[in-house]
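Subject: Structure handover

Dear colleague,

Please find the structure below, with notes on what was found in it. Definitions are given where a term first comes up.

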Amino acid sequence: MLKCEQICFNYGTTAVITDVSFELPRGEFAALLGENGAGKSTLARLCSGLLRPSSGKVTAAGRDTRAVKPSLLARQVGYLFQNPDRQLCQNTVREEILFGLDYALASYAPGSGLSKGELENEKKRRCDEMLDLFGLDGNRAPFGLSRGERQQCALASVLARRPQILILDEPTTGLDYRECVTIMDIISRLHREGATILMITHDMEVAADFACRALILSGGRLIGDGKVKDVMKDRELLSRASLLPSQICSLALTLGPGFEDVFSVEDMVRAAEVRS
Ligand SMILES: Nc1ncnc2c1ncn2[C@@H]1O[C@H](COP(=O)(O)OP(=O)(O)OP(=O)(O)O)[C@@H](O)[C@H]1O
Ligand SMILES: [Mg+2]
């Protein structure tokens, strides 16, 4: 569904991504973790087709990103920018959501068999669905919204296109707890419904709670790729990317024998009961 084969990328003469290979099958939920400046956002742009590799190949939803226009790829690959303000460009939340849909639906209109009126109805239906899902007021100006609401508006505009692959660059950074729960509930529902997700995060608790797999990027190289449960317990690997395990895994590692399988609060309670 999303495949990187030995990709390299340079900004000018500076190598930012070096020899990165991985494959996410359909329905995978992977967290992309790494230190500041590791190249995570660059890798996200390469996977979404906004950047093309200097060498190697990225295949997203069956398409070689070098051979397809980013606006066409955006129908299948949704990309949430690290900074939502770089994504928002319309006067109202409703226009923002419709703007993304214009591109997505226009590109398949000729072969879709839908009339212009039916297309307009479909756009309105999808837009209303997103406004309901996020509880957003369509008449408000995106730049008058809080940071969390702007993030939700940017995500609503991406999701309205119903992409099969979602690339999310720090979707919860800067959000309060309630906003974080709202966004992660929506993302995990999409995952249950079959979306393939690559999510960059600095929040190890979010990675541990939601992702199945973890990719560790450091200095532009992929230094780890495995089940999130295994990666979270590998202090040495994590420290090479300046990361710490989630709090519960950290506690389990400190407690040692009898707590090897602890990954969540529920696991911790069970392990403690067994020992008491
Ligand atoms: N447009 C650009 N031109 C030149 N260098 C860039 C550009 N964008 C990023 N870089 C450099 O590429 C490297 C990787 O940046 P990138 O934003 O991909 O890292 P990141 O892992 O997403 O970091 P963060 O965790 O801070 O978001 C950094 O050294 C950064 O300074
Ligand atoms: Mg980044």
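A residue is called buried when its relative accessible area is under 20%, exposed when it is over 50%, and partly exposed in between, using a 1.4 Å probe and protein chains only. By that criterion, 51% of the 276 residues of the protein chain are buried.

This is a predicted model, in which local features need pLDDT of at least 70 and side-chain atom pairs count only at pLDDT 80 or more, while totals for chains, interfaces and linings use all residues. Residues are numbered from 1 along each chain as its sequence is written, chains are lettered from A and ligands numbered from 1 in the order in which they are written, and side-chain values use heavy atoms, with hydrogens and water left out.

Overall fold

The protein chain has twelve helices and ten strands; these are DSSP runs numbered from the N terminus, with helices being H or I of at least four residues and strands being E of at least two. Its radius of gyration is 20 Å, close to the 19 Å from the globule rule for 276 residues, so the chain is as compact as a globular protein of that length. (The radius is taken over C-alpha atoms, and the rule is 2.2 Å times the number of residues to the power 0.38.) Along the principal axes, the C-alpha atoms fill a box of roughly 65 × 45 × 35 Å.

Contact here means heavy atoms within 4.5 Å. Of the contacts between residues at least 6 apart in sequence, 63% join residues at least 24 apart.

The accessible surface of the protein chain is about 13,100 Å², and carbon and sulfur atoms account for 49% of that surface. Areas come from the Shrake-Rupley method with a 1.4 Å probe, and for residues only the protein chains shown count as cover. The chain carries 34 positive and 36 negative charges, whose mean positions are 6 Å apart. Lys and Arg count as positive and Asp and Glu as negative, leaving out His and the chain ends; each charge is placed at NZ of Lys, CZ of Arg, CG of Asp or CD of Glu.

Backbone points to check

Q6 is not a glycine but has a positive phi of about 50°. Q6 belongs to strand β1 (residues 2–11) and is exposed, at 53% relative accessibility. A61, also not a glycine, has a positive phi of about 50°. A61 sits in the loop between β4 (55–60) and β5 (63–64) and is buried, with a relative accessible area of 18%.

Other residues

R26 is in the loop between β2 (14–24) and β3 (29–34) and is exposed at 61%. Apart from neighbours within four places in sequence, R26 contacts M1, Q164, G194 and T196. Its C-alpha atom is 31 Å from that of D176, which is 150 residues away in sequence.

D225, in strand β10 (residues 221–227), is partly exposed at 40%. Beyond residues up to four places away in sequence, D225 touches F22, R213, A214 and L215.

T173 is in the loop between β7 (165–169) and α7 (177–192) and is partly exposed at 34%. With residues up to four places away set aside, T173 touches R147 and Q151. T173 and H202 are 29 residues apart along the chain, and their C-alpha atoms are separated by 7.9 Å.

Regards
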